[in-house]
Amino acid sequence: MDYFKEFPDEKGFFGEYGGSFVPPELQVEMDKITDAYYTISKSHDFINELRSIRKHFQGRPTPVYYCKNLSEICGGRIYLKREDLNHTGAHKLNHCMGEGLLAKYMGKKKLIAETGAGQHGVALATAAAYFGLECEIHMGEVDIAKEHPNVVRMKLLGAKVVPVTHGLKTLKEAVDSAFDAYLKDPVNSIYCIGSVVGPHPFPMMVRDFQHVVGVEAREQFIEMTGELPDAVTACVGGGSNSIGIFSGFIKDSDVELYGVEPAGRSLKIGDHACSLSYGKPGILHGFKSYLLQDEKGNPEPVYSIASGLDYPGSGPEHCMLKDTGRVKYVTADDKECLEAFYKLSRKEGIIPALESSHAVAYGMKYAKENKRKSILVNLSGRGDKDIDFVVDNYGTGEEFL
Ligand SMILES: *Cc1c(COP(=O)(O)O)cnc(C)c1O
C-alpha cells in the first residue's frame, strides 16, 4: 500500500502516535478542518493557486548546493537543500501559505498561532498579509527578548503579537495560550500550527505542505549527481522541515535518514530537548508522541540554543519512523551546533539558522565518518535572526574554526 495513503489512518494515527485528544468542542472544529482539507486540497483551483504562490511569491524551487569547501575539510560529500532561500528565510512559509490558502477557502478571517524562534510567526504573518487576513501570534516573553528582529517583522507585517508570561515563557506555554485564544472564536478564526504536531489533521496537513521540499530535493539531487544521496539529514524540533525532506525519500529504502535532536548543554533534565531519543510515549497538546515527561506525565522543561527546537514532544510520524527504524534519531549539542554555524559561515559563505546548524553538524560528522558517501542536509533556515545572539555570547568564533 502507498505510504502516504496508509499514514496517517482516518483517525490521524501514525502507528500508535498522533490522533486527536482534545475536548469535544475543539474536536468539532478539528473535524471541520479535516473535512475541508480533504475536499479543498484536491481541487484544481487550490492546487494551481498553491503551485503559483510557491513559484512566484516564495521563490521555489529552492536550490540544492554542493558544499565543496566543507566537503574538502570533512572528507565525504555534503550537499544542502537551501530552504534558507525560501521567502522569509525558512521552510515554514511552505506550510503557512498552505494553511493561509485553506483558511481563505474556508472563509476564515483570522489566523492564530504560537511561535518559538519567531520564524513561524513571521511566516504566518506573511501569509496573512498576502491573503488579506488578520493574524494573532502568541510568543513567550523569553523568546520575544531573544528574537527581537522577528517580533519587529511580525508587527510590520500587521500581526498582533501576544506576549506569554507564565511558566518558562517559551514555546510550550505559547502553544497553550494560542489554543485558548482560538477556542474563543473558532468560527471566524483558524489555528495554524507551526509544525507537524498537535491534533489530527495538523501533522498530516503540515507534512503534505512540506512534502514539496523532499520532492524537489530528490529530483534536483538526481539531476546533479545521477544518483540518490546515501543519506539525508535534518534537525527535528516539532519535525516539519525533517518530515518534508524525509518524505521525498521514504520509499527509497537505500537512503539513510537521520533526524537530529538538540542535546543542548547536557543530558540533564532541562538542559536539552531530545524527545525522540530520551522521551517516553505520552500526550501533550492533543496528540500522542514521545515526550520528555516526569513520572506524573507532566512535560519536563526543555532547552536548546535554538529557540525553534525547544519543544518537549515530537511529530507523531517521527515517533512511528523511530519505532520502525526507517529514520535514525541522533543528537548534536550546543557546541557542535555553534561549530557548524561558524564553519558553514566562514567556509561556504552561508550563515545558517541555529536550528539548521544542528543538521549541518551531523552532516559534517557523517562526512568525516563516511568519506566515500554523500549526505544531503536540509538547511531549514538562514541565520540572520541569530547573529546578534551568537556574536554577543560567543564572539566571532575563531576558536571553532
Ligand atoms: C522552526 C524551525 C525549525 C524547527 O521546526 P521543525 O518543525 O522541527 O522543522 C527548524 N529550523 C528553522 C530554521 C526553524 O525556523
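1. Two strands pair if DSSP finds at least two bridges between them. Strands (E, at least two residues) and helices (H or I, at least four) are DSSP runs, numbered from the N terminus. Under these terms, the bridge partner of T233 in strand 14 is V377.

2. On the basis of this note: the model is predicted, so that local features need pLDDT of at least 70 and side-chain atom pairs count only at pLDDT 80 or more, while totals for chains, interfaces and linings use all residues. Residues are numbered from 1 along each chain as its sequence is written, and side-chain values use heavy atoms, with hydrogens and water left out.

3. Strand 14 has two parallel neighbours described here. Strand 4 (residues 77-82) pairs with strand 14 in the parallel sense over 6 bridges, and Y79 has L376 as its bridge partner there. Strand 9 (residues 231-235) also pairs with strand 14 in the parallel sense, over 3 bridges.

4. How many residues of strand 14 are buried? The count is 6 of the 6 (residues 374-379), so strand 14 is largely enclosed by the rest of the structure. Buried means under 20% relative accessible area, exposed over 50%, and partly exposed in between (1.4 Å probe, protein chains only). In a regular strand the side chains alternate between the two faces of the sheet. In strand 14, S374, L376 and N378 point one way, whereas I375, V377 and L379 point the other way; all are buried.

5. Aromatic contacts come next. Rings of Phe, Tyr and Trp (its six-membered ring) pair if their centres lie within 6.5 Å; planes under 30 degrees apart count as stacked, over 60 as edge-to-face and the rest as tilted. The whole structure holds 20 aromatic pairs. One of them is the tilted pair of Y37 and Y38, at 6.3 Å centre to centre with 50° between the planes. Y37 is buried at a relative accessible area of 5%, whereas Y38, at 32%, is partly exposed.

6. Y66 and Y79 form a tilted pair, 4.9 Å centre to centre with 45° between the planes. This pair links distant parts of the chain: Y66 belongs to strand 3 (residues 64-66) and Y79 to strand 4, 13 residues apart. Y66 is partly exposed at 29% relative accessibility, and Y79 is buried at 6%.

7. Ring pairs also join Y37, Y38, F46, Y105 and F209 into a cluster.

8. A charge sits over a ring if NZ of Lys or CZ of Arg is within 6 Å of the ring centre and within 35 degrees of the ring normal. The charged end of K146 sits over the ring of F389, 5.0 Å from its centre. K322 lies over the face of Y290, 5.6 Å from the ring centre.
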